[in-house]
Amino acid sequence: MDADLGEASDAALVVAIARFREEALAEVYRRHGDAAFALAMRVLRDRALAEELVQEVFLKLWQDPERFDPGRGTLRAFLTATVHSRAIDVVRAESARRAREGRRERLHPEPEYDLEREVVELALAEQVRDAFDVLSDDERRAIELAYLDGHTYREVAVLLDQPEGTVKSRIRVGLRRLRDTLVEAGITSSWTES
Amino acid sequence: MDRELTRAELDELLPLFALDALDGEEREQVARYLARDDDARAEVESLREAVSFLPPRDVRAPASLWAGIESALDVPAGELTAPPLRLVAADVSTRPDAERGSRRGRRAVALLAAAAVVLAVVLGVQVVRQQDRIDDLAAEMHRDPLEQQAMAARGSPHAHVIALDAMHGVAGGEVVMLPDGTGYLMGKELPALASDGTYQLWAKVGAGDAARMVSLGVLGPKPGISAFRLTTPPSMFEVTSEPASGSDAPGANVVLRGEVA
């Protein structure tokens, strides 16, 4: 069963989920659960909150599978975008922000984040690393502060002591170049097939 | 922000929207832009695809997370934690070589063989059940996207399924409606019409004197599954047989009809 489900497309799995097939949801979780949890942990920096949020996202997929449109992207992107959006909502709430900053001071005084270590799927790690090499250090830093630390671009500008326009430009140019490189490397299309 | 952003400005903000790095009015304006522009939405989706590779890979979800999800599912739990069947089969096939054993060993082998037969029977049943599910899944994988969407909608707990009764002895059909107004007509069993005819789907909307029939689409002479949008609550659906060009109002030849409960 697992081997056959492992070859099923995202669309087929979601159709099976719509028919209340738990093994299909289990397969989706097997594929994307770690990435979803890792992202939630990275943004929220709170294990209990991250577990709660990821559980909520997978249960939402179980309850409303039609929200995923296979014609608009992969299930991986859909799930991570949902997790990220929800996590951002949480961290941008003022009280959560204060608590989070307090925890950061205690647990992560100055996180040294190496983007090259943040890629998923060992088999693709080298290709993905190569793709991230197209980013300049400034572009990487702006993207990681926005995406993984949950800051708005205006907050990123303050943190980096750079003009807002410069930060916007770095994120825009860097992200589009990253996307194009991943597509050229066949990495994103390979996920679309799975 | 006290002005509407230009299209060029909105396009420049798409990568920031993909990272959830916008807030306030800028975020709202981009969201509205995406709702009306397919190209912009596709751009954001592709950028989100790229950033989906950013989460740290050295973090593993705790076992308690899946346990929590599984326990919260609103149907009885299945056999999600059972070992794969192929591992059971491997155990059977790698038994010690019985022919080289002692008498005691042969007895043990006989017991093992009997156990293997039982296992094989159980395994056979499991494999058949398993194959049924796989066949179903394989069939789903080969459906066209519209049929996949329709079947996914049909299985949604939020779907409203309206049975359509046959008026002239043909097979019935059904309409599946989702809360967002997306609907699907499942009428694959309708007999083919001549080339100068077409089926047409109608919905009755409004109440009292304001009630009227609105066309939801011309379906062609041999319809498959059809999708439509209807944001006004309907009280009835009809499928009629019409001239090939379709009609402004439903004719007398009603093929299917269903009242919305």
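Within helix H3 of chain B, the residues B:Val44, B:Ser46, B:Leu47, B:Arg48, B:Glu49, B:Ala50 and B:Val51 are buried. A residue is called buried if 20 or more other C-beta atoms lie within 10 Å of its own, exposed if 12 or fewer do, and partly exposed in between, with C-beta atoms placed from the backbone. Helices (H or I, at least four residues) and strands (E, at least two) are DSSP runs, numbered from the N terminus. The 14 residues of H3(B) should span 20 Å at 1.5 Å a residue, and the end C-alpha atoms are 20 Å apart, which agrees. The expected span is 1.5 Å times one less than the number of residues.

The model is predicted: local features need pLDDT of at least 70, side-chain atom pairs count only at pLDDT 80 or more, and totals for chains, interfaces and linings use all residues. Residues are numbered from 1 along each chain as its sequence is written, while chains are lettered from A and ligands numbered from 1 in the order in which they are written.

Confidence was examined next. pLDDT is the predictor's confidence in each residue, from 0 to 100. Chain B has a mean pLDDT of 73, and 70% of its residues reach 70 or more. In this chain, confidence is highest in H1(B), at 94, and lowest in helix H5 (residues 85-93), at a mean of 26. The pLDDT is below 50 over residues 76-111 of chain B; this stretch has 26 contacts in the model beyond near neighbours in sequence. Residues 125-134 of chain B also have pLDDT below 50, with five such contacts. Two residues are in contact if their C-beta atoms, placed from the backbone, lie within 7 Å. Where pLDDT is low, the predicted coordinates should not be read in detail. For the complex, the predictor gives an ipTM of 0.74 and a pTM of 0.52.

The contact between the chains takes 66 residues from chain A and 55 residues from chain B. Helices H1 (7-18), H3 (38-51), H4 (63-72), H6 (103-141) and H7 (145-155) of chain B each give two or more residues to the side that touches chain A. H3(B) gives the most, with seven residues. By class, this side of chain B has 35 nonpolar, ten polar and ten charged residues. Ala, Val, Leu, Ile, Met, Phe, Trp, Tyr, Cys and Pro count as nonpolar, Asp, Glu, Lys and Arg as charged, and the others, Gly among them, as polar.

Chain B also holds an open sheet of eight strands, in the order S5-S4-S7-S8-S1-S2-S3-S6, with antiparallel pairing. Strands S5 (212-220) and S6 (225-229) stand at the edges with a single partner strand each, so one side of each is left without a neighbour in the sheet. Two strands pair if DSSP finds at least two bridges between them. Nine bridges join S4 (residues 197-205) to S7(B), and B:Leu201 has B:Val239 as its bridge partner. Seven bridges link S4(B) and S5(B), where B:Trp202 stands opposite B:Ser215. The hairpin of these two strands has six residues between them, and B:Gly206 takes a positive phi near 80 degrees there.

Two residues of chain A also have positive phi. Most residues other than glycine have a negative phi. A:Arg45 has a phi near 55 degrees and lies in the loop between helix H3 (22-44) and helix H4 (47-63) of chain A. A:Arg45 is buried, with 21 other C-beta atoms within 10 Å. A:Asp161 has a positive phi of about 55 degrees and is found in the loop between helix H9 (153-160) and helix H10 (164-184) of chain A. A:Asp161 counts as exposed, with 6 C-beta neighbours inside 10 Å.
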